[in-house]
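Trainee: I would like to learn how to read a domain interface and a ligand shell.
Mentor: Then look at the model first.

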Amino acid sequence: MSTTVVRPPQRKRETVERAVIRFCGDSGDGMQITGNQFTNTVALYGNDLATFPDYPAEIRAPAGTIPGVSGFQVHFSSSDAYTPGDAMDVLIAMNPAALKVNLADLKPNGILIVNVDDFGETDLRKAQMTSNPLEDHTLDAYRLFSVELTKLTRAALKETGLDAKSMDRCKNFFALGMCYWLYNRSMDSTLRWIEDKFKSKPVLVQANCLAMQAGYSYCEATEAFQISYEIPPAKLAPGVYRNVSGNSALAMGFVAASQKAGIPLFLGSYPITPASDILHALSAYKNFGVITFQAEDEIAAITSAIGAAYAGALGITTTSGPGMALKTEALGLAVAVELPLVVCDVQRGGPSTGLPTKTEQADLLQALFGRNSEAPVPVLAPCTPGDCFWIALEASRIAIKYMVPVIILSDGYLANGAEPWKIPEVSELPEIPVRFETNPVDFKPYRRNPETLARPWAIPGTPGLEHRIGGIEKQDVTGNINYEPLNHERMVRLRAAKVEAIVQEVPDVVPAGDPSGDLLIVAWGSTYGPITAAMKTVRTKGHRVGHVHLRHLNPLPKNLGEVIGRYDKVLVPEMNMGQLVMLLRAKYLVDAQGYNKIQGKPFKKSEIEQKIHEMLD
Amino acid sequence: MSTATLPTPLTKKDFQTDQEIRWCPGCGDYAILSAVQSVFPELGIPKEKFVVISGIGCSSRFPYYMNTFGFHTIHGRAPAIATGLKIARPDLEVWVATGDGDSLSIGGNHTIHMLRRNVGLKVLLFNNRIYGLTKGQFSPTSELGKKTKSTPYGSTDRPFNPISLAIGAEATFVARSVDVFQQHLKDTLRRTAAHKGSAYVEILQNCNIFNDHAWESLTEKDARSENVIQLEHGKPLIYGKNHDKGIRLNGLELEVVQLGNGVSEKDLLVHDERHPRPAYAFMLAHMEQKPGFPTPIGVLRAWDNVPAYEDLISAQIHEVQEARGKGDLAKLLHAGDIWEVRP
Ligand SMILES: Cc1ncc(C[n+]2csc(CCOP(=O)(O)OP(=O)(O)O)c2C)c(N)n1
Ligand code: SF4
Ligand SMILES: [Mg+2]
């Protein structure tokens, strides 16, 4: 076993370009916290990074079982990190179930740290293992470190006076300390975090700090590890950075939009994974005057936001698939009454409850067409966690400028994944002009701005503008109830033309990679990372490949058809059964090929590479 | 002191629209519209501050006929839309027009949650005990056994008593009136307008097309005084053509008593709309379900000590801003651990 070491004269420190590390254990083992702390530390050090938190839908499945396994993967690099990484260099497995679920992704000769104290017979049985992998040579291909994590943590904490159970809860910090040693990282930011997090319970501050320091010292003292690694800071563009997840970026983006527009932000929402964190974040921003309304259901969530928009606020609503389905009818109302609204769908696996904590991109057609009758809406999709901030601003700006509900399609992977984000100056943010109608002279609620086709935003409380709106078909210009056949057709076409007019806001696409050639990859949403990573290696092999990543899914960029025409083949990777590809085939009469993965997991870089080769070799 | 020119007082006409009214001739909705249009100008509120929100149904066409801001929304959702509006603009005077199907069937959930939150909305429930707009199916207030298009053999559904439901949801203001009792209806609307928090008013309304005579036993000239009891705060519960009947509390039961023969007004229950116990309001609300008892109209409950939802929300935002200072966007963006990459 690798733990029997011959003491090396001096331990090696090797500089590597990148590493992928995954912490996994039971849902109760604090793996998400551990992963987040590690992420923060490497971010502060200046590495580029991408993360992939993967946790079960059950809050606490029976301890030690396969369904209870929670994991957090971090890819950090001195160059770029577009994805959380296909395979790990280091795996920390807190119990047999975690080992079983995650081992397949560990690279050959990768570092495997296990808590040997949790590999007893009952632990193995809970993971449905018949023999102990630590002893039966299944792990021979890896550098195995069997560490007595529980015993060592207890030993380190014996002075704290905590009971055994509380001590055991600190063992994730022991493991984290080991990883900090392994990658030569300072523990400072985590020490600060612990102090802040447990400030009301000093004994827990002491215990968690001790556990982490003990993990670090353990590596130092036992010389179990003969080597440690150095990953220099990445050469990111100059600027001030922070870590953001997609959900926190969306929340900040909406606050920024409200500030730029100079109108209050109103969020109507009903809790649902993986969107709830947006509600949580915005609820804490009361100092920005943000109104958060946790409604009785998703219908009240969207309709309250429509009511707020009618009142002159920036009305938004956030949800995931099942909630999106419930909002359908109200979205149609927002289309009919032409009020600004932003609906944010953080997609997850479906149908129905599906895979609440796993990612998917299968709500695209629902977003585009999932309403009765002709009810077009603009649809936007962020491509990275940080991009969520900009998409929130863009969606709000379009909603207000065109008096239209806008859908944002994020997904579970963007929502929880994190990346370093270059903080913009407030002055760099786009302006969001708001004009409330005030002139009662010849006021007509459906008279349109000739450029945008938007109707006026005439909010209650404005003298002389009393008027009625509603879901019944309206007469063009006056907005009075009207059932005439030709008027209806005109209104249907006007609503569609208004959404089409937004194309003037959509920048022409410029493909990444080759501007023309063998293959164009067209994609949207969170597949940006793996495709970008795969593009690099494929192009070094002499293929002429371009990549267009759509942030606007309706209307599509003006020049998309022309760009598609410059390539021999078109590939559309999606985490669904082929939704964008269907649209592209229909709209551009192009023989685009889908590449579909519906496993609740993002694409791996290698999967995309392989598919490209399949198409080109 | 500056001398401001007083605005010309509003009149009923100011609240009438040029839209052709599309209710059936004889529909009770006309009377309700007329009462609302009479009361609004009296309230001393500028016209532009009024907003009428409705769901879907015959009754929900109401906003089109009111010359105020109006929003005809979707079936059942008016309370939720109005909640968003009222929170965003607490200064507006927001009224909701809804039907028995709209408010109690598809919108039941929003109704109870609006009431428990005590959002400052005035809700007029047009209860015709039928689905009017969809041409005559039974509604959640239709009586058991009722024959309608969708219940040719009689309804097997137990109905809601809207008043009980509102009280059960801890509504702070619950009242009932009748389309044809114009004076009473207007008085009730004035009381409704004065309430802070959710006000829920059931208006018994006749649909002469699909459920004619639904409230006849209460509205017929001769039957009226025998079958209806008008509640007034601080007054004993007396009714009858000759004001000779009363309601007395006997243990935990109400009983109808004949005044005289040793029974005097002193023995009767005295109405207390601020009574803190739900049991009291429930007892009144359930009275009509017992044979031989009159149906109460008027204000059943008016609690004035519960803060309105929108005020709590505004106050909380104000408190946080006082404590933390107004939000600074640059600070928000730079919150947490940050690092600088130098050129
Ligand atoms: C989502 C939806 N379902 C069904 C309908 C059809 N619908 C319109 S009004 C109505 C019932 C109206 O009854 P009520 O609320 O009592 O109003 P009334 O017409 O009696 O005034 C129904 C079922 C609809 N408009 N929307
Ligand atoms: S159907 Fe009934 S409720 Fe509807 S307008 Fe006609 S009479 Fe009134
Ligand atoms: Mg009805």
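The dialogue goes through a pair of domains and then a ligand site.

Mentor: This is a predicted model, in which local features need pLDDT of at least 70 and side-chain atom pairs count only at pLDDT 80 or more, while totals for chains, interfaces and linings use all residues. Residues are numbered from 1 along each chain as its sequence is written, chains are lettered from A and ligands numbered from 1 in the order in which they are written, and side-chain values use heavy atoms, with hydrogens and water left out.

Trainee: Into which domains is chain A divided?
Mentor: Domain bounds come from an automatic or database domain assignment. Chain A has domain 1 (12-230), domain 2 (242-428) and domain 3 (512-616).

Trainee: What area is buried between domain 1 of chain A and domain 3 of chain A?
Mentor: Interface size is often quoted as the accessible area lost when the parts come together. Here about 720 Å² is buried between domain 1 of chain A and domain 3 of chain A (accessible area, 1.4 Å probe, summed over both), and carbon and sulfur atoms give 61% of that area. On the side of domain 1 of chain A, A:Tyr82, A:Thr83 and A:Asp86 lose the most area, together 69% of what that side buries.

Trainee: How many salt bridges are counted between domain 1 of chain A and domain 3 of chain A?
Mentor: The count is 2 (a side-chain nitrogen of Lys or Arg within 4 Å of a carboxyl oxygen of Asp or Glu). A:Asp80 forms a salt bridge with A:Lys536, with the closest N and O atoms 3.0 Å apart.

Trainee: Which residues are around ligand 2?
Mentor: Among them are B:Trp23, B:Cys24, B:Asn128 and B:Phe210.

Terms used: A residue is near a molecule or strand if one of its heavy atoms lies within 4 Å of it. Buried area is the accessible area (1.4 Å probe) that two parts lose on being put together, summed over both.
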